[in-house]
Amino acid sequence: MEMPSPDPRIIAKKSRLVSLLQGVLPDEAVIHEPHETRAYECDALTAYKCPPLCVVLPGSTEEVAAVMRICHAEGVPVVPRGAGTSLAGGSLPTADSVVLGVSRLTDVLEADYRNRVIRVQTGRTNLSVTGAVEENDFFYAPDPSSQLACAIAGNIGMNSGGAHCLKYGVTTNNLLGVTMVLADGTVTQVGGAYMDAPGLDLLGVICGSEGQLGIVTEATLRILHKPEGARPVLMGFDSDEVAGECVSDIIKAGVLPVAIEFMDRPCIEATEDFAKAGYPMCEALLIVEVEGSPAEIDEQLAVILEIARRHDPVELRESKSPEESAAIWLGRKAAFGAMGQINDYMCLDGTIPVSALPLVLKRINELSRHYGLDVANVFHAGDGNMHPLILFDANKPGDLELCEAFGADILKLCVEVGGCLTGEHGVGIEKRDLMLDQYDPADLEAQMWVKDVFDPNWLLNPAKVFPLRVSAGRREASRAA
Amino acid sequence: MTPATEAELAEAVRSATAPLWIRGGGTRPVGNTAAEGAGTVLSTAGLSGVELYEPGALTLVVAAGTPLAEVERTLAAENQRLPFEPMDHRALLGTTGEPTIGGVAAANVSGPRRIQAGACRDSMIGLRFVDGQGQVLRNGGRVMKNVTGYDLVKLLAGSRGTLGVLTQVAFKVLPATAAQATVMIEGLSDASAVDAMCRALASPFEVSGAAHMPQGPDGTPLTLLRVEGFENSVKYRAGRLHEMLGALGPMRDEADPEASAALWKSVRDAEAFAGTPGDVWRLSVVPTEAAAIATRLGAGRLLYDWGGGLIWAELAPGTDLRARLGPFEGHATLVRASAETRKTLPVFQPEPAPLDRIAAGLRQRFDPRNLLNPGLMA
């Protein structure tokens, strides 16, 4: 993956920059010794590493603003970082950048149950937002699988999703307001504990902008009362196609499950070896979960089971207890860990129209044979968000490149059938150079207009999202200035 | 001008030298229309028709000029619907014509179900539009989870034609529900009603509408809570709401689906203000502050929706509501007023300087010649 060459003039003034930053932050909040900056050299896309010039960990919005004013005045790129869990390289540094981490901004500012909102600093982890309101039976709905570790700042940057999006939506549907520090250090509020924007919906474009428009330090998030209960049902089918039809029929019947998860045979086999969840050995497995009171759950599951039976399932397992529910989820939740046991893997994130599922799985299998790499599929079937896991050996020369080529082919396939490159992980550097497969140059130009307005000098996370040659003119102009 | 194709529409914008006033069905003339004398009306009505509908994927792609009624009929045939229950502005604004789906999207028009299912912008997953230079651009797509690049779909939703002319919109749709019921509480003060609505919405009972009419159909206060879903579930949840709120005042249910739907249509369309003489303001507020804000307004007529988060208020023509109210968390839009009043009072809430600069910068980029609805949102 190509990254722009660092600006030697910025690297040359490192000591000046460090002392300026130390002037506005406590000493321990400016990390500049090479053996310490290395901890920030990558995120969860560990194939790519580069230690930054230095790292700052501000403890307040004011400190973030002071850092941004300095970087703006000095023309230094800033790479925002939440918890560093991006699978897309969203917080990969460059050697001439300051990494701005929000890990010290973890406070709950206000939990307001009557208005069903919580205001938090954005370094707080996703799961601990729910943790803060759980004792009152509330929760924050978006639940990316990294939710134990990932920060709200990164969730907003990537517009993160999760397994329960079909019913509750993704981050953008649950974000009501932010406090944001602009590239020049200006602090502004966008939105708040109310439901729509007065003018242009700036919040809507800030969410998912991958840290390229500003540093979000506080967020107002929608919280909900927990449902009275939830219960999954597991079904196995002897073809992908039938499983896909079953999903479509459930949705058409007017039931809106909170989650519909799909696993294919390679994935079932791997998780069985690892977690021994007792899954049936079949071509396709669905876990469908519904919510409500016990009677409401029964009513919905009756509809779902009736539909499933029409598709000749090889297995139909209804949970009768919390233990049985946990057993149904066990394998799915262990899927990624199971893959990690077998080998290194790359997790993709394309979305497809649900109707294209059988075709896409067939083509992925063909590609798997072509590249000689195994692939397993886990899939949020209700919303079409696929997660093919490509297995490779990082220690074998050429395997990573082969895996990346295979991954790129899968993502292009997603676009070809009417879907997109990324459903919830973001573009980062990983899918940056595929953007022209999904969009025309003019479409990307329109997206870059937004960055031009928010960040005229292109200093915020500059080498992400847009193919390097597409953003080259803007980045070079910024450097010349 | 009513171009018949997207290409013709793009050409019309490219060759324009004077302002273009973008119209869907022309039923929602909200905004500062003072400058509308000069220039040309550009209608999207020629771009009509459902382009893709996959009920099993909950996906609908439709040309922007398609009548809303046609969209709703198409969905109803598969027992599905637009989740956000778009308001029909015709009664309130005294307009005629056929609302279009593009107009709904361009004005981010949402109704009572916004509190549960999100706003129009939350259901929008893709669009095509023509920018101010006449380029055809697209963003998003036809899948409901998509974070590929910036979300211009949200930015264009509610931009009222000032950033681009929508030509095609893709939506995530939802199943229609089998049953609905409206739980009604009589005689509550505004403050108690807001309190009741907040409690209902903070319950696990999936309330899909929460409105309060200080003057209900018979002239006395009526608070409405809607539950939708499978029949037994609706009965169960209505019962639980009775248990929760029964101490507040006399309660009854409207279980007849048509009567229940009629009540929510009257809330959705702010029917209480149809044909009344005053200016009509729409306030987006923090729900628990709603009753206090309403008191400060001294309005002649009020309606609360979104559990208190949305207030409709009628004031004497020309009254500067924002001056009367002072600072509050939220914003106020002057939805109905004479053209003269709209010249003197901003229709949309003035924003903090940094956001104002960003909005102006975006308009300059997307419409550098300042031809698309110029000044409409100023």
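Domain bounds, as used in these legends, come from an automatic or database domain assignment, and the structure shown is a predicted model.

**View 1. The domains of chain B.** The domain assignment of chain B gives three stretches, with domain 1 covering residues 6-175, domain 2 covering 179-268 and domain 3 covering 271-344. Taken over C-alpha atoms, the centres of domain 2 of chain B and domain 3 of chain B are separated by 23 Å.

**View 2. Where domain 2 of chain B meets domain 3 of chain B.** In this view, 14 residues of domain 2 of chain B are in contact with 13 residues of domain 3 of chain B. On the side belonging to domain 2 of chain B, the elements that give two or more residues are α8 (190-201), β11 (207-213) and α10 (257-268) of chain B, and α8(B) gives the most, with 7 residues. The residues of this side of domain 2 of chain B that touches domain 3 of chain B divide into 11 nonpolar, 2 polar and 1 charged.

**View 3. The contact between chain A and chain B.** Here 76 residues of chain A are in contact with 71 residues of chain B. On the side of chain A that touches chain B, at least two residues each are supplied by β9 (187-191), α8 (202-206), α9 (240-252), α11 (294-310), α15 (435-438) and α16 (441-454) of chain A.

**View 4. The chain A side of that contact.** The largest share of the side of chain A that touches chain B comes from α16(A), which supplies 9 residues. By residue class, this side of chain A divides into 34 nonpolar, 29 polar and 13 charged residues.

Technical notes: Residues are numbered from 1 along each chain as its sequence is written. Chains are lettered from A and ligands numbered from 1 in the order in which they are written. This is a predicted model: local features need pLDDT of at least 70, side-chain atom pairs count only at pLDDT 80 or more; totals for chains, interfaces and linings use all residues. Two residues are in contact if their C-beta atoms, placed from the backbone, lie within 7 Å. Helices (H or I, at least four residues) and strands (E, at least two) are DSSP runs, numbered from the N terminus. Ala, Val, Leu, Ile, Met, Phe, Trp, Tyr, Cys and Pro count as nonpolar, Asp, Glu, Lys and Arg as charged, and the others, Gly among them, as polar.
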